[in-house]
Amino acid sequence: MCFVRTTAICENKSTTVFYTNVSEGGCSWRVGMYTLALKRAVLPRSSNYLRVCAKSSKPEDTSSSSSSSSSSSSDSDNTKDAKPSNEQKLERLNTLLQDLIQSNAPGKTAKLELAKPKGREFKKELDTNDVTTKTETAEKEMVKAVKDVATDLGGDTKQTESELLMKLLNPETSPTSATNLMDIMKGMRIDRETKTAEKSRAEQVRSILQTAKSRISKEGPQPERRMKRLPQHIQQKKEIVVQKIDLFGGEALNIFTNKSELTEVTQTKTWQRLYERDLKLAVTHPPSNYFQQLMLWTEQEKLWKFPIDNEQGLDEEKKVDFSKHVFLEEHLEPWCPAKGPLRHFMELVCVGLSKNAYLTVDAKIEHILWYKDYFESKKKLLKDTGAILAEREAPKAVQ
Amino acid sequence: MLNSQLFLKRYNSLHITPKINSFIQRLFSAEAEEKIEIPKRIHRGPTDILRALEATISRDPTAAHYKYHDDPYLIPMSNMGKRTFAMAQESGRKAAHWIRKEHADLFNHREADPVIKAFLPVVSFNEQSDITEDNLKQVIDDVLVSEAQLAYKLLKDKGVDISEETRQALLELLCYTNDTDILSEEFIEERWFRQTTKSKEKQRKIWKDNSLAEEIFISIENPTAETYSAMIQGMCKYFQVDKAWHLYEESQEKGLILTSDAYSSLLRVVNFLKESFEMKWALTEELLQKMNEAKVKPNLTTLNSALHSVSTMGGGKNQKDLALKVLKEFKGLGIEPSLGSWYYILITFCKERGPISTVLHDIMPEIENKEHHCLDLSDTYFFVTAMDICRSQLNDVELGRRVHKLLHFGNNYNLIGDSYKESIYYRHYFGLMMNNMPFEEFMQNIYNMLVPNIYVPEPGVMAEVLKQVDLNGSVEYVAQLWSDMIIFDHINRENLIESILNILDSNKPEAESNLIEVFSCIAWDLFKRLEDEGDNRFNKLRLTGDQLGKVMILLLWNKDFQKACLIFDKLDQEQHTIVGVPKIEALSMFIDSCIENKMPSRAIACLQYCSDSGFPEVEELGVKIHKSLTLDENNLAKLTKIAGNLS
């Protein structure tokens, strides 16, 4: 659930990096406390550190699940097992750590408090800082809360405070064992010389962690797989009393008293039109099926309207009678010979045009007149070949 | 047996009942006595048939939206993808518009008869063009602001007189649009996806001073009431309140009767004109009084403006009473509130930091089971606000369902507003249902229904869903959620990754369950995806040591030793860049499987890692390795170095 990792980077003895990873869980603040204790351990004058050592060194302290410090019996067994095989190593480590503490600690703390640009390589240190400040505030808050409670209760506030703190830190020892804050402090001081060097800091952290773990396991085994929760309301439904509000039951303002006299004023027309356009667009959303798409296109006049009518929108054509489209020979009369191959050709042209639904009458007439001009330009050739009659007969043809 | 009896009974009753007998006789008798009445022709509009056909189609939540369905391969799933897809379509449309505008000469042929105006290039003018007042009228009709400005200038340069009417129309156009071009009707997608910035942010002066509108206003010698109205409306719309008030006073001095819209827009900005609650309300009352004196009939806009200003006034209980009074007053005038009015009532009653109000319970009966039309621009705010209140204030599922039902009644869905509001609406709906429904039911009826085609949950909502999974222990949904998260592009969210891993890690399935395999697939996929992302990606998410440990555990549950090895290699090689270390459980599990797979060197590497990380279990594990594996000289030496003398 949570662990504290302590690393001493030895090649650069001036930096000691602690970092904690508090991932989750109810004991996070407690772990925070440990971290704090660790941090303070860097400072030689820190009392928390001393307390940690003091408590863990008392084997007769049977209240093993005390939250802050004492190790559980099983754990201490564990450490005992480990000790003989690793004594040398531990000793070395401890002295090294002690050295670090005494020689470099002040510089270290100063370094920790510096504001640093965010970057990958600083991440570890930043983490520590974060946790520290967090736990510090948590601790402060706790102490403050205790103080408040003590003053609220009245009487011997100091006494109450220390008792409360004791209870919080050592929930299972009776408050009578430590009568006041001073006593607790005393206890720490006495143990200072005897045991500090015997355990490395890593050791302490481990034992603390193990205490926490064993505590958790003692309190009740954590179910591996959580029970499926019965369907129920997760958020407790706040009791909301529905108060009836009569929306139209109140008094009126009584400003508009002369309803009948009110008149619609001529509105700003363009403004109104634009406003309506906006209203329409506010509910015009991307079409969600093809019919909607067709509707939209119809409204934008890109499509024929229903019902389908072949002559929809052909307003100009409506003015022209069909006979003008069909009977086109009248346009030949002024110029075309009455008979002969030319007449025959032009009549065929007229039949073709009369069947064309895609040209307007004007376009058809234009078409015929184009032939007129064309034949006019080829007159000589036509005469030579006899396609049209000689000069003297021409006027007759025109008639 | 029973059936045949029943049939007999029915058969008998058919014969016995005289009524039916006569009916059958009538059916078969040849003589039709009834007079045939030809029904009167019902006039149908151009889209009525389409509308009727469309009414037979309801939205299929399992299908992508119509605009996306052209190519199934390209159907977008995430919010970003949807937006990008639609915007890409829109930009294609815009490109076409641009080409048509740049090369107008190529598009002037009249292919179709009748000519389709929408396909013709937009008119454009220059100094040489022969311009008349009709041109100006045309561009005003087509809402082409910059063309209208240009046409007006050209006409003025040429000394052409412009009629009062056209000038007024132009002034109104300019006031309405604040001298800027507005989005063409064609670009529906853009309008749908445009993020309507919160109304509060928009409320600053954006009116363009000394613009053409003001120029025209000054040039008019005898401004009429309409001219004043247009100016006041424009200035109020764009929050040039001081000038608007000044013009209002000027018009009052001249004794002009302004339009109701002008009064409405002044009512809307009361908040900016006066300071304290009392003064604001006094001004509101004064304006309404003035309307009454001028015998101007107020309309819905007036009602909504008054409610709007009441809602922004602040003033506690008083404010609520006033809102109701306004409502009552307008009801007396025969003006029914629209959804927008109810929206203002809602925001007046349900303040974020105020006491909880149940006014929505009273509003619902007024609007339920009705089809609403957009009568005011604020109408589109109703649904999203109502659902918000259902969720965050009342936490009332029943009411939420009623609101949801109303939204889907008739064409009410059009009033959802735009994509942004729709998304917020569903966010609230989702949250409300999630917190008040059994999780399985929620997943089946809501999640599977809405996601991903109607609503794509945002990362925050996804985190809540995961939280519910964790609370309910419904790990069977994790696979589905994880694949959704990939589709929705959520895998770069640290909190989501963390909670997925936590859920998997803390809910170990039974040994024979196939979930073990599923879990390991998810874990491996998660790891792979984050690995393959490439280093150049900005904000690349890096798994922490603890998370990698969890991935390892999940893989080892499924006996994926090879994959677990890869994870361990990463842990080992990048020891200095990975934040944190795995839990000892993960590492010892790994050592166990090393032993199982007879991989002494790996086991020792892991032991080395444990020791580097300062775990006290090193010795224990060392002993275990020593006991269960036969080690060669080399490995034995290493082991002794790490864990001390083991023998």
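This passage describes the two chains of a predicted model, the interface between them and some local features.

Chain A has 399 residues, of which 37% count as buried. Its secondary structure consists of 15 helices and two strands. The accessible surface of chain A is about 25000 Å², and carbon and sulfur atoms account for 56% of that surface. Among the contacts in chain A with a separation of 6 or more, 57% are between residues 24 or more positions apart.

Chain B has 647 residues, and 49% of them are buried. In chain B there are 33 helices and zero strands. Of the contacts in chain B with a separation of 6 or more, 70% join residues 24 or more positions apart.

The two chains are in contact with each other. The size of an interface is often given as the accessible area lost when the parts come together. For chain B and chain A this buried area is about 9800 Å², and 58% of it lies on carbon and sulfur atoms. The interface involves 120 residues of chain B and 92 residues of chain A. On the side of chain B, Leu50(B), Tyr66(B) and Tyr176(B) supply 8% of the area that chain B buries against chain A, more than any other three residues.

Two packed helices are described by the angle between their axes and the distance between the axes. Helix α18 of chain B covers residues 339–349 and helix α20 of chain B covers residues 382–394. The two helices pack at an angle of about 35 degrees, and their axes are 9 Å apart. The crossing of α18(B) and α20(B) is left-handed. From α18(B), the contact is made by Leu339(B), Trp342(B), Tyr343(B), Leu346(B) and Ile347(B). From α20(B), the contributing residues are Phe382(B), Phe383(B), Thr385(B), Ala386(B) and Ile389(B). Sorted by class, the residues in this contact are nine nonpolar, one polar and no charged.

In chain A, one loop residue was considered. Leu303(A) lies in the loop between α9 (290–299) and α10 (315–318) of chain A. Leu303(A) counts as partly exposed because its relative accessibility is 33%, a value between the limits of 20% for buried and 50% for exposed. Leaving aside residues up to four places away in sequence, Leu303(A) touches Leu294(A), Trp297(A) and Thr298(A).

How values were computed: Residues numbered from 1 in each chain as written. Chains lettered and ligands numbered in written order. Predicted model: local features only at pLDDT ≥ 70, side-chain atom pairs only at ≥ 80, totals over all residues. Heavy atoms only, no water. Axes fitted to C-alpha atoms, helices over the stretch in contact; angles between N-to-C directions. Helix = DSSP H or I, 4+ residues; strand = E, 2+ residues; numbered from the N terminus. Left-handed = near helix turned anticlockwise from the far one by under 90°. Contact = heavy atoms within 4.5 Å. Nonpolar A, V, L, I, M, F, W, Y, C, P; charged D, E, K, R; others polar. Buried < 20%, exposed > 50% of the residue type's maximum accessible area, 1.4 Å probe, protein only. Buried area = accessible area lost by both parts, 1.4 Å probe. Areas by Shrake-Rupley, 256 points an atom, 1.4 Å probe, with all protein chains shown as cover.
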